[in-house]
Protein chains: 2
Amino acid sequence: MENNKYICKAFNASKKIYIEGKQHKIKVGMRQVKLTDTVIEGKRISNGSINIYDTSGFFTDSNVEIDIKKGLPRLRESWHKDDDNFDTLSSFTSKYSNEQLEDKSLKEFRFPIINMPKRAKKGKEITQMALAKKGIITPEMEYVAIRENLSNDYSKTYITPEFVREEVANGRAVIPCNPNHPEAEPMIIGNKFLVKINTNIGNSALGSDIEKEVEKSVWSSRWGGDTLMDLSTGKHIHQTREWIIRNCPVPMGSVPIYQALEKVNGIAENLTWDMYKDTLIEQCEQGVDYFTIHAGLLKKHIPMVDKRLTGIVSRGGSIMAKWMKENNQENFLYTHFDDICDILSQYDVAVSIGDGLRPGSIHDANDDAQFGELETMGMLCKKAWQHNVQVLIEGPGHVPLHKIKANMEKEITECHNAPFYTLGPLTTDIAPGYDHITSAIGAAMIGWLGTAMLCYVTPKEHLGLPNKEDVRNGIMAYKIAAHAADIAKNHPSAMERDNALSKARFEFRWLDQFNLSIDPERAMEYYGVEKIKETPFCTMCGPNFCAMRISREVSNKGKITE
Amino acid sequence: MENNKYICKAFNASKKIYIEGKQHKIKVGMRQVKLTDTVIEGKRISNGSINIYDTSGFFTDSNVEIDIKKGLPRLRESWHKDDDNFDTLSSFTSKYSNEQLEDKSLKEFRFPIINMPKRAKKGKEITQMALAKKGIITPEMEYVAIRENLSNDYSKTYITPEFVREEVANGRAVIPCNPNHPEAEPMIIGNKFLVKINTNIGNSALGSDIEKEVEKSVWSSRWGGDTLMDLSTGKHIHQTREWIIRNCPVPMGSVPIYQALEKVNGIAENLTWDMYKDTLIEQCEQGVDYFTIHAGLLKKHIPMVDKRLTGIVSRGGSIMAKWMKENNQENFLYTHFDDICDILSQYDVAVSIGDGLRPGSIHDANDDAQFGELETMGMLCKKAWQHNVQVLIEGPGHVPLHKIKANMEKEITECHNAPFYTLGPLTTDIAPGYDHITSAIGAAMIGWLGTAMLCYVTPKEHLGLPNKEDVRNGIMAYKIAAHAADIAKNHPSAMERDNALSKARFEFRWLDQFNLSIDPERAMEYYGVEKIKETPFCTMCGPNFCAMRISREVSNKGKITE
């Protein structure tokens, strides 16, 4: 594999800075954008710099050399070095992992370095939730407090390390941080915090390969994805995942049933608890930070689907429905939910309870099937919390604007304030090719109403696998939706960047505008790279019709010069 | 000029159909999409066809040959042939129009055919509002009733010709239809009707030319723009406009102050009422259907702008502010508002009262300046109605999600239910290059809350003049926002298309999915044109992981075959 294409250079006029913890020996990375001066009638006024929440990790630190074959620095490993909570195992627990390791034909696909897995010592409760309940502020909790505030000064914010601890203890927020993925920077998912976005990547039987998936994952973090789900269903799932995790600065999620289904050659009815369990452990020990598990879909819900226009559109949901029907048994993810939580609690892997019955069309939104499953999900949520497993609740799907609020309200009631994690929702069905937009509309609204994480949708949704440019467009649509929600929710650090950009815009500091924008390269490309000098107008209006220029003449603010 | 590139062929599997009026001799054009059959286990079930609201006019009627140099057929001319409401003038009233006609150097830019203008006979009240108040259901009113319902059967709808008449009489809806633009198909703007979208085109001093503008305007209608504003500020404004209007199947708007400013070489303080008046008449006689007029911005509002981050961002607003300041006089558009209405009422040109103080950043949203101007706009609205001039009220701009509702409510209260016509609003400032998305989010929300028309924003907003592809992306984002709002508002004809597309999706009728989508060409391109055969899965999930395929197996609906 070539290295250079994965190394994303830092953004223009930006440098990586690190803010130190006060309680723990941690350094929280963020991006600092240096602004140019305002020059009014020859007088120079500094605009200082702006800190920006940054998901790109060490990839944009010019002082760190990244070798994709070695993986990212193992940031969090040192935080727990003297910790007596974990054992480092001498072999993998999963039978499948060991088989993959021993299979010589896989050598060329394998990640070059093997790290032995960590697992909770027997009898130790090691999840962030368990520790939070005991009143412990972990390094991860302090990290996210600083990260959310873009500062370690808590004087103007409600988001303190202690507040983070409380939210995690109560299940209202989740910090996905499997100790086997120490490359990931801690982040928090909860409705009092910045709205996060997840990106999906992964190959299917019909396309893509390991190299392309790693490339997409690296760029996903660089562009602003807060978590990354690997939904691979094609060949070499195990190896693809390893490459991605070792180079992934954000928490990673997966849907273990996809790999389990591959192991039984796509025949859903042949799935068993034992091989699913082995798959869970395999992925826990690789470092997946959260699992989507479709445990809320029960036999009794399946007939409710008959009234639908588009049946079951969740892959995991359809697999489990098929399994239940063919075996005439209750969903084994439901009957084994305690066993699942036992495993997850040993690796602090969060469970994202999947909505197998999310609506796949406007017609099916908010129906009995969907809300019936949601009630079961709420029950499972409480069960997971008893094991101190952190919980996310997955949500729709396709929902028209006027039915979005009911989704959020019902989730809060049934699922006891566990963070909601929705796919969109898409607000109309008629726009294949533009579903990043149909869904960004729903996502912004549900984010404002309280959804903690938004699963992105790319322009290729319903049509095919996204390429790198589709990933970019999906991320940008969702960064916008999340940020619009943050502003509406009055997150303490949301507005600074908007105000700085708007001030730059009114003062014709074009470079500052680009550097502060969510996709500087795109903005510059559209403006016309050759024109990047500080001109007092753009081609949209031309010189005579620039409202901002005329407005400045009318005001008493003085003429912008340089 | 080449002809062929303007002729947009009909959409795949679609034909133009015409539904006849019951009260008037009119034929309402729309697009009919023929669907393929569902085949379940060999049994063939017809899906019939779906009618779709169509803004492309005769351009997509394969039976009509369009010559761009002759313009579109003059559809509405015959409706008023025996009408004793209008005089056909023997010469243009505007001095400038006559000068342009006599200037031999302009020959090559001129539209080849000259149509003499119509004007109300002295003492005749000819606007749709005047007629509606008298209880007359005009052909235009019946036309829009059929168009909104996609049918002339009113048994399942509240939108009847009489309902249209009432809404127009009360000022709650506007039918822009200057008799000098008989090429335009009637459409209605009001909050009980489908949410409409406007597209802006126009050259600036720095780019574009007549040919490109005509091309953009034709494609704008083909892609779904409901009205079109020509915001040209560069050379040959008069000629560009004529070419566009003669080939424009949708109502056209303009901002006359732009052309007036060009006439005084860009020096705002040199603007006079007389030359502005001549410009109004020039444009009325060319066939502009509505004018944006910034009459609500008064001297007293200007100091309110000082607290802002981004001052005045409306071009018209900044021009008038500059004029007031330099001349130390009240806004002449305000002091001459009765004179303006006198002119407009003779050509049934609607006034779109411009919001010169719309906020240009999230920081400035809902401030005293913005809402102060809105109050004046409400007063002017009543004044226009006294002249039976139809009124739209323009709105913001940049507004965060949580402040959108207050805008709609205040508009309703202050402006007496006149249709609101907003630019976005943009819900964050940080995404130049993606402002079609930041604003589609706000547009969907404000459309749902009652805004009647949404002015599109392209990805080039804040950066440069849009090209044809930008126009397409802007339109699609706004078609989505408007349609999402229509569904949420329960418009009687909104959901049929979503349901038909979703049914096609669940039955793997790929071609029907594409044909029913807002941009069939884009959807097909993303799916992969070479694969367009009825395969039971797409590359997104591959065959084993297709939820819809598995879901169908679980259900008792039978296997899709063919």
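These entries go from the pairing of the chains to a helix and then to the salt bridges.

**Entry 1: the two chains**

I reminded myself that this is a predicted model. I then superposed chain B on chain A, and a rotation of 180° with 0.0 Å of shift along its axis did it, at an RMSD of 0.0 Å. That is the relation of a two-fold axis. I also asked which residue of chain B comes closest to the rotation axis. I found Ile441(B), with its C-alpha at 2.3 Å. Both copies use the same surface, since 100% of the contact residues of chain B recur in chain A.

**Entry 2: the interface**

I counted 102 residues of chain B in contact with 102 residues of chain A. Together the chains bury about 8,700 Å², and 69% of that is on carbon and sulfur atoms.

I looked next at the polar side of the interface. There are 20 residue pairs in polar contact across it, both partners at pLDDT 80 or more. By class, the side of chain B that touches chain A holds 53 nonpolar, 30 polar and 19 charged residues.

How many salt bridges run between chain B and chain A? I noted two. In one that I looked up, Lys322(A) pairs with Glu553(B), and their closest N and O atoms are 2.5 Å apart. I then checked which helices of chain B touch chain A; those that supply at least two residues each include α7 (256-263), α9 (315-327), α14 (435-449) and α19 (547-554). The helix that gives the most is α15(B), with eleven residues.

**Entry 3: helix α19 of chain A**

Is this helix buried or exposed? Six of the eight residues of α19 (residues 547-554) of chain A are buried, so the helix is largely enclosed by the rest of the structure. I wrote down the buried ones: Ala547(A), Met548(A), Ile550(A), Ser551(A), Arg552(A) and Val554(A). They pack against β3 (38-40) and α16 (495-506) of chain A, together with α9 of chain B.

**Entry 4: salt bridges**

Side chains of opposite charge can pair when their charged atoms come close. I searched the whole structure and got 68 salt bridges over all chains.

I picked Glu140(B) and Arg76(B), which meet in a salt bridge at 3.6 Å, N to O. Glu140(B) sits in helix α3 (residues 139-149) and Arg76(B) in the loop between β5 (49-52) and β6 (86-88), so the pair ties together parts of chain B that are 64 residues apart in sequence. I found Glu140(B) buried at a relative accessible area of 1%, and Arg76(B) buried at 4%.

My next pair was Glu148(B) and Lys196(B), with the closest N and O atoms 2.6 Å apart. This pair links helix α3 of chain B to strand β10 (residues 196-201), 48 residues apart. Glu148(B) is buried, at 1% relative accessible area, and Lys196(B) is buried, also at 1%.

I then turned to Glu469(B) and Arg522(B), whose closest N and O atoms are 2.5 Å apart. Here α15 and α18 of chain B are linked, with the two residues 53 apart. Glu469(B) is partly exposed at 34% relative accessibility, whereas Arg522(B) is buried at 7%.

Notes
Residues are numbered from 1 along each chain as its sequence is written. Chains are lettered from A and ligands numbered from 1 in the order in which they are written. This is a predicted model: local features need pLDDT of at least 70, side-chain atom pairs count only at pLDDT 80 or more; totals for chains, interfaces and linings use all residues. Side-chain values use heavy atoms; hydrogens and water are left out. Copies are superposed by least squares on the C-alpha atoms of residues with pLDDT of at least 70 in both. Contact means heavy atoms within 4.5 Å. Buried area is the accessible area (1.4 Å probe) that two parts lose on being put together, summed over both. A salt bridge is a side-chain nitrogen of Lys or Arg within 4 Å of a carboxyl oxygen of Asp or Glu. A polar contact is a pair of N or O atoms within 3.5 Å; within protein, one must be able to donate a hydrogen and the other to accept it, and residues adjacent in sequence count only if both atoms are side-chain atoms. Helices (H or I, at least four residues) and strands (E, at least two) are DSSP runs, numbered from the N terminus. Ala, Val, Leu, Ile, Met, Phe, Trp, Tyr, Cys and Pro count as nonpolar, Asp, Glu, Lys and Arg as charged, and the others, Gly among them, as polar. Buried means under 20% relative accessible area, exposed over 50%, partly exposed in between (1.4 Å probe, protein chains only).
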